[in-house]
Amino acid sequence: MTELNRRQLLLRGAIGAGGLASMSAILAACGGGGGIEGQTSEQATEAAASVERTLADKFVLSNWPLYIDIDEETKKSPTLDGFTAETGVPVEYLEDINSNEEFFGIVQGPLSQGQFVRDVAIITGYMAARMKDLGYLEQFDLESVSDLGNVSIPAPPWNEGFAYGVPWQSYMTGLSYNEDKISSVMSVEELLTEPALKGKITLFNSMGDTMGLLMQDAGYDTTKIDPDQFDEQLERLQKAVDDGQVRQFTGNEYTGPLAKGDLWACMAWSGDIIQLQADNDKLRFTIPDKGGQIGTDYMCILKGGDVYTSSVFANYVLDPKIAAQLSVYINYVTPVSAAKPEAEAIDPAVSENQLIFPDEATLAKLQEFDPVALNDQTYNEKFQAVIGA
Amino acid sequence: MGYLRRHPRAVPYLLIAPGLIWLGLLFVVPLYYLLSTSLQSGDIYEGFRQTFSWSNYSEMASQYRPQLVRSIQYAAIATLAALVIAYPLVYFIARRGGQWKSLLLVLLIAPFFVTYLIRTLAWQTILADEGLIVGVLRDVGLIADDGRLLATSFAVVAGITYNYFPFMALPIYVALEQFDGRLLEAAGDLYANPLKAFLRVTLPISLPGVFAGTLTTFIPAMGDFVNAQLLGTPKQYMIGNVIQSKFLVVVDYPLASAGAVMLMALILVGVFLYARALGTERLTG
C-alpha cells in the first residue's frame with residue numbers, strides 16, 4: 001500500500017480544497033433525534049462509548065447530481081435548509097459524485113492517510129462494503145438514529161443494524177422500451193435475441209446491473225454468486241455482443257438516445273425513466289417476471305467525519321415527512337415506507353407510482369447483487385473483458 | 001543581488017529552477033511512481049507490493065492488443081483527417097482572411113469554449129439514427145435502411161477529429177501567417193506555377209506547423225477514451241478505455257500503470273521515428 005499512497009499524495013493537491021470542517025463542536029442547539037430507545041446493537045454501544053454528543057459547526061455532505069430536493073424558486077434544498085434550521089449546523093453540500101469508482105479513486109488516497117475528506121458521502125452498497133473493509137468508514141452512533149425503525153428494507157450482511165451505512169434511496173434496475181418502436185420487451189432473453197432489436201439496445205457498464213438481470217433471467221440467485229453460473233451467463237452476454245445485438249454499454253448516458261428513439265429498448269434505472277416519461281410518454285419501464293435488481297445508496301460517514309452530527313443528519317432524513325419530501329422530488333425508491341401517506345399529501349400521483357413506492361409483489365421480485373462479487377477482481381476483469389475494456 | 005553579481009554563472013540556473021522544480025514534482029516524481037506501480041502485484045485489500053512483475057506488460061500487450069492497435073489506427077486516421085480539413089481552412093484564413101482574419105479565427109475556436117464532454121455528446125445528436133444526416137444518407141442510398149453512423153468506428157474517429165481539431169489548425173495557422181507573401185511573388189517571377197510555388201515554398205515553410213499540429217493531435221488522440229465510450233460500442237474501445245477501467249473499475253493499479261507506460265513508450269517511439277523521417281533540423285531551423 002505504501003508505494004501507492006505516496007504516489008497519491010500528488011492527487012491530493014487537486015482535491016484538498018474539498019473543505020476542512022472544523023471539528024471543534026458547539027453545544028447542541030436542539031437534536032433532531034438523540035432518542036435512546038432506538039435500535040441498539042453491539043456495534044452501537046461500542047461506537048456510542050466513544051462518541052462525543054456535540055454538534056460540529058459544519059457538516060460536509062457529498063452526493064450525486066439531482067439526488068436531493070431542490071426548490072425551483074430559491075434553488076435551495078428544503079431538506080438541507082430544514083436540517084440547518086433545526087440543528088444550527090450549516091451544510092456544505094457537494095454534488096461531486098458521478099460514479100462510485102471515480103469517487104473511490106478520488107478519496108482513497110486521503111482516506112488511507114487518515115485525512116478528513118467529507119463527513120458523509122452517499123455511495124452504493126457494494127462500494128460502501130469495500131470502504132468498510134478497508135477501514136475507511138466510521139460507525140454511526142445508532143442511538144442517535146432512533147428513526148432507523150422506519151427503514152423498511154433489510155440490512156445487508158456487511159451492514160448489520162445499518163451501523164456503517166444508513167439507506168438514502170434505493171433504485172430498481174429493469175428494462176425499458178419505447179412503445180413507438182416495439183410493442184413490448186418483457187424479458188432479458190427477448191432483449192438479447194429479438195432480431196428487430198439488433199443494434200438498438202444498450203446494457204449497463206456496471207457489472208451488478210447487467211449480470212444481475214442476466215442471471216435472474218436464467219433463474220439464478222444473485223445475492224450469492226456462483227462462479228459457474230456467472231461464467232455461463234457471461235458467455236451468453238458475449239454472444240449478444242458478438243452478434244451486434246448490443247449497441248453500447250453505458251452508465252447514465254443511455255437516457256439521451258432512449259429519449260431520441262435511437263434505442264428501442266435497454267436496461268434502465270427506474271428513477272431515470274420516471275424523469276424521461278415526463279417528455280416521452282411512450283417509454284415504459286418493467287421489472288421482468290424473472291426478477292430485477294435493487295440497489296441501495298447509503299449515507300456513509302467517511303473516516304474522520306463527525307459521527308454525532310452525521311448520525312443526527314441521518315436520523316433527520318429518515319423522518320417520514322422529510323423522506324416523503326425527498327422521494328417526491330428525486331423519484332427513486334424511498335427506504336422509508338411510512339413516507340407514503342406523507343407523499344400522498346404532497347403529490348398523490350407520486351405515491352401511486354409503482355416505481356417510487358413499489359408494492360409487495362414488485363419488491364418480492366427484486367434482488368440485491370452480491371457485494372462480495374462486485375468487489376472481486378476476477379469477476380470484474382472477466383466482465384470488463386466482455387464489455388470491451 | 002550581491003550574490004548574483006558575485007556569481008553571474010548562477011543566473012541561468014536560477015532562471016530555469018522554477019521550471020525544473022515544476023517538471024520534477026509534476027512529471028518526474030509521478031512518472032517514477034507510475035513505473036514503480038506498473039511492476040507491482042497485489043490487490044486493493046492486501047495492498048500492492050513491489051515484485052518486479054514484468055508479466056504485467058506482457059499481459060497488457062497480449063490481452064489488449066486489439067485495443068492498442070485500434071488506438072493507433074484511430075489516432076492516425078483522425079490526425080490525417082484533421083490535417084486535410086485544417087490546412088486549406090487556415091490557409092484561407094491566414095492568406096485571404098484580410099480584415100475578417102480575427103473574426104474567422106474566433107469562429108474557428110469558439111466551439112471549443114464549450115466543455116469537451118458536451119461537444120462529444122453533441123455528436124450523439126448530430127449522428128443520431130433518427131437525425132438529419134443519417135436520414136439524408138439513407139435517402140441517397142449511401143447507408144442501408146437499417147444502417148447507422150452512431151456507435152460505429154466512423155463516429156468515434158469523427159469525434160476525435162473534431163475534438164482535437166484546433167490543436168492541428170492553430171500551429172499551421174501560425175506557420176502560414178508568419179510567412180512573407182513576397183516569397184510567392186518571387187517564385188512566380190522564377191516561372192513557378194501556383195502548384196509548384198505551393199509545393200516548393202508554402203508547404204516547406206508551413207512544415208514546422210504541420211509537424212507540431214500532428215503531434216499535438218496524435219498524442220492526446222492515442223490516449224482518448226471519451227469518444228469511444230460515448231460514440232462507439234465495445235468494438236470501438238481504445239487502450240484508454242482499458243486503462244480507465246483497470247484503474248477505476250477493476251482497481252488493478254499495476255496493470256493500469258503498465259498500460260499507461262506502454263502507451264507513453266509507443267508514442268515516444270512514434271514521435272522519434274516521425275521526427276527522424278521529417279528531419280528535425282529542417283523543422284526547428
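This report walks through the aromatic pairs, the charges over rings and the contact between the chains in a predicted model.

Residues are numbered from 1 along each chain as written, with chains lettered from A in the order written. Because the model is predicted, local features need pLDDT of at least 70 and side-chain atom pairs count only at pLDDT 80 or more, while totals for chains, interfaces and linings use all residues; side-chain values use heavy atoms, without hydrogens or water.

**Aromatic rings**

A pair of aromatic rings is described by the distance of the centres and the angle of the planes. Here, rings of Phe, Tyr and Trp (its six-membered ring) pair if their centres lie within 6.5 Å; planes under 30 degrees apart count as stacked, over 60 as edge-to-face and the rest as tilted. Over all chains, that gives 24 aromatic pairs.

Buried means under 20% relative accessible area, exposed over 50%, and partly exposed in between (1.4 Å probe, protein chains only). In the chain B pair, B:Tyr253 is buried at 1%, whereas B:Phe247 is partly exposed at 25%.

Charges also sit over rings (NZ of Lys or CZ of Arg within 6 Å of the ring centre and within 35 degrees of the ring normal). A:Arg130 lies over the face of A:Phe104, 4.7 Å from the ring centre, and B:Arg95 lies over that of B:Phe179, at 4.5 Å.

**Where the chains meet**

Contact (heavy atoms within 4.5 Å) takes in 44 residues of chain B and 39 residues of chain A. The two chains bury about 3600 Å² between them, 53% of it on carbon and sulfur atoms; this is the accessible area (1.4 Å probe) that two parts lose on being put together, summed over both. B:Tyr33, B:Tyr45 and B:Pro234 supply 17% of the area that chain B buries against chain A, more than any other three residues.

Three salt bridges (a side-chain nitrogen of Lys or Arg within 4 Å of a carboxyl oxygen of Asp or Glu) are counted between the chains. In one salt bridge, B:Asp129 meets A:Arg247 at 3.0 Å, N to O.
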